[in-house]
Amino acid sequence: MTSLLEERYRRLLCLLPASYRRKWEEDMVATFMEGAYASDPGDPEGVELGRPGGAEIASVAALALRLRLGGADAAPRSFTLGEAVRRVALVGLLAHAVGALVGAALVVWTAYRLPGLPADAVPDAYAGRWQALWGLTGLLWIPAYLALVHGQHRTARILGLVALAPALIGTVTDVYADGGAFALSRSYWLLFDALPVLALAAFHSGAPPVRSRPWLVALPVGAVVALAVLLAWPTGGREALVDWPGLWCAGVFVAAVVDVVRRPAAPHRALALAVLAVAVLGLRVVTLVDQMTFAAVTPDRPTLVTVHAVEAAAMLVVAVLFLTVSRRALRRLAPA
């Protein structure tokens, strides 16, 4: 007769891929049960009513993550999923690092009153000295990105979590200070910022090394492009047609076009683009909704809404297209 504890262990092992479970489930359950009885030999009936420990749950979850987001020696489908998540992490940290470089440039630009930067391009976060120093904590995204590119996965995870902390604190304080206005878009921004940090879990010991050169080149190129957009910021109180969600939409759309031209597309690139397109689509939609709900009505508002709606529609097309492509590609690959 199966004990309650054994049933719970078997349910926990459902986190693992079916093929792995078929091969190792009995051995793992026997090991777990043997350890549980050894921990309290005087009360076997009480042991059988227990639950898996936190360390056991964590170890199984980590094993499941490693098997499902496979490394170089994993089954093709598992490896593709892992590569897609790793690409999402790289792209996300690259965007954070570019944003940090641009933010630092704005601080220097405003501190030394250098000419050429439209006043409207300076965020409120850089208006004061302490706000500027607080904003510079975002520079931690740069070493986090460089650590990841150079294979220092643990360092990248630590720095990524530390760099995310100001965004978490800033979101909570801003939502509280504004009485809930823009809470939807600010909360989504926080989740959006956290996405690449969570995706760093795919960079386990079995992950293949990153080809560092193209990713290192992408950092200064991205910063120059972002600064060029800021220099084109409109003046005289007019609102900018391109914001950060708009830059994300443009980047994902261009990447999608390039991927279509480079047929046949690699399955992991298609899946990563699908994930990014869905995430950016959500960002564009929630910022558009909050803008229409809370922002002041200006003469530029109809144009802004039209542009942002077009961006959302483009992301929807990219998401549907690449979700379809990646789904078909994954079906053709051997599972884990």
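This is a predicted model: local features need pLDDT of at least 70, side-chain atom pairs count only at pLDDT 80 or more; totals for chains, interfaces and linings use all residues.
Colleague: Which residues of α8 meet α9?

Modeller: On the α8 side, Gly160, Leu161, Leu164, Ala167, Leu168, Thr171, Asp174 and Val175; they meet Ala183, Arg186, Ser187, Leu190, Asp193, Ala194 and Val197 in α9. Contact here means heavy atoms within 4.5 Å. By class, that's nine nonpolar, three polar and three charged residues (Ala, Val, Leu, Ile, Met, Phe, Trp, Tyr, Cys and Pro are nonpolar, Asp, Glu, Lys and Arg charged, the others polar, Gly included).

Colleague: And which residues of α9 are buried?

Modeller: Ala183, Ser185, Leu190, Phe192, Asp193, Ala194, Pro196, Val197 and Ala199, buried being under 20% relative accessible area with a 1.4 Å probe, protein chains only. Helix α9 covers residues 183-199 and reaches 24 Å between its end C-alphas, close to the expected 24 Å. The expected span is 1.5 Å times one less than the number of residues.

Colleague: How far apart are the end C-alpha atoms of α10?

Modeller: They're 29 Å apart, which agrees with the 28 Å its 20 residues, 212-231, should span. Its buried residues are Trp215, Leu219, Ala223, Ala226 and Leu230. Residues three or four places apart point the same way because an α-helix has 3.6 residues a turn.

Colleague: Switching topic: is His308 buried or exposed?

Modeller: Buried, with a relative accessible area of 3%. His308 lies in α13, residues 301-331, and touches Leu241, Asp243, Arg284, Leu288 and Gln291, leaving aside residues up to four places away in sequence.

Colleague: Zooming out, how many helices and strands does the protein chain have?

Modeller: There are 13 helices and zero strands, taken from DSSP runs (H or I, at least four residues, for helices; E, at least two, for strands). Of the chain's 336 residues, 40% count as buried. Among contacts with a separation of 6 or more, 75% come from residues 24 or more positions apart.

Key:
Residues are numbered from 1 along each chain as its sequence is written. Side-chain values use heavy atoms; hydrogens and water are left out. Buried means under 20% relative accessible area, exposed over 50%, partly exposed in between (1.4 Å probe, protein chains only).
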